[in-house]
Amino acid sequence: MSLNYTQPNVPYGRLSLAIACITLAQSANAQTPIVVEGTLQQTPRDNAVQVEPSALEQLRAATSDSASLLRDVPGVSLYGAGGVSSLPAIHGLADDRLRVKVDGMDLIAACPNHMNPPMSYVDPSNIGLLNVFAGITPVSVGGDSIGGTIVADKPEPEFARTGEGSLTKGEVGAFYRSNNNAIGGNLSATHATENLSINYSGSWSKADNYTAGDDFKTFTDTGRPGHDLPLDEVGSTAYDTQNHNLNLALKAGDNLFETRLSYQDMPEQLYPNQRMDLLENEQKLINLAWTRRMNWGVIETRAYHEQVDHFMDFGDDKRFWYGSLSGPGNPCSPISFHGDPAGTCAGGMPMYSESENTGLSLKADIDLNASNLLRVGSEFQRFRLDDYWTASGGGMGPGIFQNINNGQRDRNALYAELETQQSDRWLTLVGVRYERVSTDADDVHGYNTAMTAAGMQYMDSMAFNEQDHSQTDHNVDLTALARYQYSNTLDIELGLARKVRSPNLYERYTWSTWPMAATMNNFVGDGNGYVGDVNLNPETAYTASATFDWHASDRSWVITATPFFTHVDDYIDAVQRAGWAEDQFNVLQYDNQSARLYGVDLSMQLPLASNSLGAWGFKGVINYTDGENRKTGDDLYNIMPLNGRFTLTHQKAGWDNAIEWVVVDEKDEVSDVRNEISTAGYSLINLRASHSWDQVRLDLGIENLFDRAYALPTGGAYTGQGRTMSMTGIPWGIAVPGMGRSAYVGIKVMF
């Protein structure tokens, strides 16, 4: 297989295999953060890779998308989405197939397009710990997922040193990026005594549409008279978001009590690969935790409650007015529905999602003896969702369309895991996890309850309502992992796992085959419509992997290789419905199939030279994943092609610099049932430089230095402008392009 990077058209890919612990918000004031005795230390397991703080620091000024911080991790790629809401994929498995924990909470996307995934609620400037468990995931961090686990936590609370009285510190940062005029800033302030810590952190970012490296389309029309987009402008890529967090921590002997209050207001995040746009997302969240260190180990309890109010409609780059009275998209009045002899007028398509997410957990690390560590825990999650679309005219009315009515998804879990140091060279990890997942939803109806309603709304809703909606799954995860230190320069890790994921509410309970409604239920960005199936079975994945870790005895150089193989029973894929055709958007049906994925991740980190010019080094990552539907022989959707990322690093006297070469092969193995778009190979050059003083850090960089034109291999279909409400109202066959050249600057001041 050859690596073709000469053609200028395709998406960029990003990576992971098992990542990271990242400590940020360091005090350049020479005050070392205080680690709290009695906290449950979140050290990564043996099968997690640690990302250096310096690497994270360099990326913060370049992105507002927290998921993109994973770009350098072997095995990880990103599904393109909104500007701050990319969906990470591990070995070709993405979104709800991964468990994403934010501050110990299981957050769930509450949107038919998954526009508010868990990592969209945390800003890159406010991540203190980032771990990725890929492949063989310990049961203590897994559950209800088959692809791996991502753990993102805010910085640990800081306390004053004994005898110092109090600690007051803070950080102010700002950035600018040229391509899309992105601007933003962050503020963090802490006041603490020896036993009490109060911290506020806030962030804000805003951006316009970005431009590609060249013209990628042949039309400028947006469906809004007087508003056209240049041929190189990627429509619906603007965003505006802010996050606020108040953290209080109390230390009492061996106890640590934490209260975290979070609020997000996202007034806009437009989507180039969805037919709708996010026009308001409000999250309110409280997260309570108690941690205590005992003489036998550590115990942690957590309770959280999240409320999300989410609103979608057509943003500025998509047609808003429809109906015979609107002509080519002009404003019209009054709002009128099908059957009105005076004509029809429809203003947008308002869509609302309201969710409540409550969770409880109890876990303990128990030191049985010097060689055995037992991890046990229990978890409970209660998720409620209402997804409804209010009347707006034309065929959308006169009533409310109930997409999901009182959706319910409850999880109860128990797990036990034993880590044993068998000898100086052998370490084993075995675990079992049981989950009971119950889902349900109430009866539904469309905009119009008449038997003659457009789009078979009456017949589809009646067929859905006649079914038993209650489903209960009994899922069992098993993990076995062994690490062997063959020599001082070679470690070998072998693992087997069985992992199970129950369908989400949108996969089970979306019911309409009407193309206009079905295309609004799509969280993979391919422009198609999707219909759920109440009777879907859980996905069961069987994974085998091995990691070979060659390194210097002092780990000054490291080379790793991780081959993996996953077989998935009851894989939830898309199948054709009546009327399916090639080279166009279609309405598809979720169905259980069989799938297999395999591949290999390679990574290396090597010192090159240390001389009067500074310290030089090299980092490289190569990823390959192949995925196939074993029932149909079709390729799985959105599998990142063979790709590599190679970086020359340089450090000297406060400077930390890098030249990065990104290479991605052509994507010609595509999902036929989804009419996935092929993309050409490409290569990019990125430059980064930073300098740190005692209390100031400056970051500079250029992404896509030579302004290459390319399409994102996992960015989906371009639906960013035009008559997106109509399945055939926008052209098929255009992949979302990557961003052209963009220079950025970021500054951080600490006090």
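Setting aside neighbours within four places in sequence, S742 touches R177, S178, N179, G701, I702 and E703, where contact means heavy atoms within 4.5 Å. This is a predicted model, in which local features need pLDDT of at least 70 and side-chain atom pairs count only at pLDDT 80 or more, while totals for chains, interfaces and linings use all residues. Residues are numbered from 1 along each chain as its sequence is written, and side-chain values use heavy atoms, with hydrogens and water left out.

S742 belongs to strand 35 (residues 742–750); strands (E, at least two residues) and helices (H or I, at least four) are DSSP runs numbered from the N terminus. With a relative accessible area of 4%, S742 is buried (buried is under 20%, exposed over 50%, partly exposed in between; 1.4 Å probe, protein chains only).

Next up is helix 2 (residues 457–465), whose buried residues are Q457, D460, S461, F464 and N465. Looking down the axis of helix 2, these fall within an arc of 130 degrees, so they line one face of the helix (the arc is that of the directions from the helix axis to the C-beta atoms). Their cover includes strand 22 (401–421) and helix 3 (505–509).

As for rings, W389, F401, Y447, W511 and W514 make up one aromatic cluster. Rings of Phe, Tyr and Trp (its six-membered ring) pair if their centres lie within 6.5 Å, with planes under 30 degrees apart stacked, over 60 edge-to-face and the rest tilted. That rule gives 19 aromatic pairs. The F320 and W321 pair is edge-to-face because the ring centres are 5.3 Å apart and the planes sit at 80 degrees.
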